[in-house]
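Dear colleague,

I am passing on the structure we talked about, and below it you will find my notes on what I found. Please read them with the model open beside you.

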Amino acid sequence: MTQNSLGESAVQKAVQSQQVNNGVLASATQTQPLWLLAEITYRCPLHCAFCYNPTDYDKHTQNELSTEQWIQTLRDARRLGAIQLGISGGEPLLRDDIEDIVIEAKKLGYYSNLITSGVGLTEKRIQAFKEGGLDHIQLSMHDITEEINNFITNTKTFELKKKVAAMIKNHGYPMVLNVVIHRYNIGHMKEILEMAEALGADYIELANTQYYGWSLVNRSQLMPTKEQVEEAERIANAHRANTNSKMKIFFVVPDYFAERPKKCMNGWGEVFMIVTANGDVLPCHSARVLPNMKFPNVKDSDLGWTWKDSPAFNQYRGDAWMKEPCRSCSEKANDLGGCRCQSFLLTGDAEAADPVCTKSPHRHLIDQAIEDAKNPQLQAQPIVFRNDKNSKKIIEGEFQERLTEFHALP
Ligand code: SF4
Ligand code: SF4
């Protein structure tokens with residue numbers, strides 16, 4: 001699962017595609033799960049240092065939903081108004097039933113998007129996806145150099161990704177690239193854009209790392225400086241302005257360097273529904289990090305009840321849960337207090353204002369993280385790559401200092 005593939009642009013696309021789709025529902029409202037993300041497996045052949053998957057994903061690799069359970073979930077979500085389907089992971093292509101899921105998605109009228117590292121995409125499979133009605137493929141790329149690609153993913157996948165990009169183009173799909181930006185590749189922004197042009201990309205999402213899951217564990221190693229982020233954005237803007245290219249560039253500004261938080265997932269339980277590999281239904285990818293929450297599972301809960309009435313989906317819907325400074329803030333409708341998971345991960349309080357906000361009493365934690373990213377001693381700590389062994393270690397309680405040092409002192 002690449003980062004930021006569910007950004008605001010995706011919401012806009014979901015709403016647009018609802019307008020052109022032969023949808024079940026005639027109009028978008030604020031409380032329909034327009035976007036269904038199927039995190040179909042947590043298994044992945046890559047080991048990205050910034051992976052968005054939960055650090056304890058190894059718990060969920062043995063009890064994946066069956067094909068029938070996924071198909072039923074697609075049907076149930078469609079009845080609730082879902083129109084945009086993301087098929088993600090892990091690496092979804094590790095499952096051999098994606099073709100069946102694509103066919104069902106087409107029948108139900110979804111706009112479907114396969115979010116892939118490219119590993120496992122063969123001529124035979126892409127042909128089947130095309131015939132089955134898959135609308136869109138988003139491919140993750142990592143750098144222009146083989147060295148950084150192979151380092152950050154801990155695999156030798158550089159040449160393969162270029163071949164897969166060509167295959168996607170040859171089959172008439174729009175070429176949509178996602179590049180997660182971090183300290184190791186941020187200096188290559190111009191070259192990354194040139195590479196995307198050379199590959200014939202129609203769209204490139206430059207997704208600055210957001211710090212959840214594995215990327216939070218590796219934050220000091222991955223975070224660039226503010227100056228580097230500003231320079232990267234300048235290069236992206238200049239490329240947009242100065243070339244005749246039709247390639248659309250979406251630069252996702254990292255929230256640590258902003259003064260206000262993002263409206264996370266466009267609001268808790270507003271438009272996004274995520275079903276994880278084992279069937280848990282979440283309002284955002286990271287929600288299971290929150291304490292004292294029980295998320296319904298498609299195996300034993302009705303999806304309509306889950307979305308509309310379950311305590312988990314209502315816990316942070318709207319703004320009634322807020323405490324100060326958000327409660328009386330004139331800007332609360334803009335960001336709904338930011339991200340609950342980020343608040344909990346960094347302050348230990350899920351109802352605190354997102355510490356990214358300069359009005360938050362915890363903003364110093366973000367400023368400290370920015371400082372820490374310049375500390376050579378912290379930078380030199382080894383990266384904890386996303387793999388089964390490290391996930392097992394985390395489940396068993398290792399790397400505690402990396403997982404708890406983010407909390408604010410009482
Ligand atoms: S390891 Fe990399 S490719 Fe695999 S799910 Fe994580 S970010 Fe995606
Ligand atoms: S105080 Fe809360 S609601 Fe106001 S801008 Fe900051 S995070 Fe948003």
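Leu-336 lies in the loop between α13 and α14 (340-347), where helices (H or I, at least four residues) and strands (E, at least two) are DSSP runs numbered from the N terminus. Leu-336 has a positive phi of about 50 degrees although it is not a glycine. Most residues other than glycine have a negative phi, and most peptide bonds are trans.

Before going further, please keep in mind that this is a predicted model, in which local features need pLDDT of at least 70, side-chain atom pairs count only at pLDDT 80 or more, and totals for chains, interfaces and linings use all residues. Residues are numbered from 1 along each chain as its sequence is written, while chains are lettered from A and ligands numbered from 1 in the order in which they are written.

As for confidence, the protein chain averages a pLDDT (the predictor's confidence in each residue, from 0 to 100) of 90, and 91% of the residues score at least 70. The value stays under 50 over residues 6-12, for which the model has twelve contacts beyond four places in sequence, a contact being two residues whose C-beta atoms, placed from the backbone, lie within 7 Å. It also stays under 50 over residues 14-29, for which there are 26 such contacts.

Two cis peptide bonds deserve a look. One joins Glu-324 and Pro-325, with omega about 10 degrees, and Pro-325 sits in the loop between α12 (311-314) and α13 (332-335). Another joins Gly-89 and Gly-90, with omega about 15 degrees, and Gly-90 belongs to the loop between β2 and α3 (98-108).

Strand β2 (residues 84-88) pairs with strand β3 (residues 111-116) in the parallel sense over four bridges, and Leu-85 stands opposite Ser-112 in β3. Both strands belong to an open sheet of nine, in the order β7-β6-β5-β4-β3-β2-β1-β8-β9, with mixed pairing; two strands pair if DSSP finds at least two bridges between them. At the edges are β7 (248-252) and β9 (281-282), each of which pairs on one side only.

Turning to the ligands, 14 residues surround ligand 1, of which Cys-44, Leu-46, Cys-48, Cys-51 and Ser-117 are the closest; a residue counts as near if its C-beta atom, placed from the backbone, lies within 6 Å of the molecule. By class, this shell has five nonpolar, seven polar and two charged residues, where Ala, Val, Leu, Ile, Met, Phe, Trp, Tyr, Cys and Pro count as nonpolar, Asp, Glu, Lys and Arg as charged, and the others, Gly among them, as polar. Around ligand 2 there are also 14 residues, and Cys-326, Cys-329, Lys-332, Cys-357 and Lys-359 come nearest; the shell there has six nonpolar, two polar and six charged residues.
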